[in-house]
Amino acid sequence: MKNLQDLRIFCETAQQGSLSACARKMDLSPAVVSASLKRLEAELGILLFIRSTRSIRLTQKGEQFLRHCKEALAIMAEATTAMHTEDAELSGIIQLSAPSDLGRNILLPWLDDFMQIHPKLEVRLQLSDSQADLYSQPVDLALRYGKPKDSALIAIPIAPGNVPVLCASPDYVQQNGAPTTLQELTRHNCLCHGHNDTLHTRWAFYKGDKSVTIDVRGNRQCKDGDITRKWAVAGKGIARKSRLDIAHDLITGRLIELSVDGWQGECFPLNLVCAERRLLSPTVNAFKNHLNERVNMLLQ
């Protein structure tokens, strides 16, 4: 439409049920309202209202157009708000929980960059491989791997294509060789980690529509993902880690990705999770965009 004001007048007239009521609400003259509706009907080529001397009501086509018109105005309002938000200085507190390895080695510099762009922000960060309770703990947002078990949570994709990969240091591979089949993993020292009450000693792999689960063991186990990564870098064994967590190690050669006959781990997406949609503030939206940009740069 050439004139958004015509759309606003149309929606307000439909809500108020009369031209004069719309005119009073929008501080316009009845003649301006009437001319706007006639202009809109002429542009659309349909009759929007059935008018009488005392009342006005929507036609069937008018009711259909009203639904689309409200959606269009809402999108325009959201876009306008977003444009102003980009120019506004963000402030407030981000209360964030994140996994230990991701938090220490990937997230911290990203947070520093974000706070340098928005110096009035304050961050309260909680790092743990045990998932924070978003309903009872002082945490508004959480970075979490995998699909949220609680369907009531709002999940915003950050790294939807992230997968776990097998990795080891060059020294470990030189001394022990690299597995060429999944079954050979049972003969290697596998570094197992987990969270809460779970320790992951069964590693699942997928190839097409096939799946295999391998029981692994090793002499080091930990429920802190950062410790598991450091053990792998130190040449203590083979780890199965999120590609995002070890991206820098792969780039610098501290770790080598071990490809075993085309088998790979199940997709392990990273999401930004919150308990209520009202928490999706302009600050959160800007933070989400910042994370998406950094992830794309790191994994490209």
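A: In this predicted model, the side chains of lysine 241 and aspartate 101 meet in a salt bridge, with 2.8 Å from N to O. Lysine 241 belongs to strand β13 (residues 238-242) and aspartate 101 to helix α5, so the pair links distant parts of the chain, 140 residues apart. Both lysine 241 and aspartate 101 are buried. Side chains of opposite charge can pair when their charged atoms come close.

This pair is part of a wider arrangement. Salt bridges that share partners join Asp101, Arg104, Asp224, Asp226, Arg229, Lys230, Lys241, Asp245, Asp249 and Arg254 into one network. A search of the whole structure finds 19 salt bridges.

Helix α5 (residues 100-117) packs against α7 at an angle of about 65 degrees, and their axes are 6 Å apart. Angles of 65 to 115 degrees count as roughly perpendicular, and α5 and α7 are therefore roughly perpendicular to each other. On the α5 side, the contact is made by Ser100, Asp101, Arg104 and Asn105, and on the α7 side by Gly225, Asp226 and Arg229. Sorted by class, this contact has three polar and four charged residues, and no nonpolar ones.

Helix α7 spans residues 225-233, and valine 233 has its place there. With 26% relative accessibility, valine 233 counts as partly exposed. Leaving out residues up to four places away in sequence, valine 233 touches Ser169, Asp249, Arg254 and Leu255. Asp249 and Arg254 are among the residues joined in the network. As for leucine 255, it is 22 residues from valine 233 in sequence, while their C-alpha atoms are 6.0 Å apart in space.

Arginine 294 is buried, at a relative accessible area of 16%, whereas aspartate 113 counts as partly exposed at 30%.

To sum up, the lysine 241 and aspartate 101 pair is buried, and both residues belong to one network of salt bridges that share partners.

Conventions:
Residues are numbered from 1 along each chain as its sequence is written. This is a predicted model: local features need pLDDT of at least 70, side-chain atom pairs count only at pLDDT 80 or more; totals for chains, interfaces and linings use all residues. Side-chain values use heavy atoms; hydrogens and water are left out. Helices (H or I, at least four residues) and strands (E, at least two) are DSSP runs, numbered from the N terminus. Buried means under 20% relative accessible area, exposed over 50%, partly exposed in between (1.4 Å probe, protein chains only). Contact means heavy atoms within 4.5 Å. Axes are lines fitted to C-alpha atoms, for helices over the stretch in contact, and angles run from 0 to 180 degrees between N-to-C directions. Angles under 35 degrees count as roughly parallel, over 145 as roughly antiparallel, 65 to 115 as roughly perpendicular and the rest as oblique. Ala, Val, Leu, Ile, Met, Phe, Trp, Tyr, Cys and Pro count as nonpolar, Asp, Glu, Lys and Arg as charged, and the others, Gly among them, as polar. A salt bridge is a side-chain nitrogen of Lys or Arg within 4 Å of a carboxyl oxygen of Asp or Glu.
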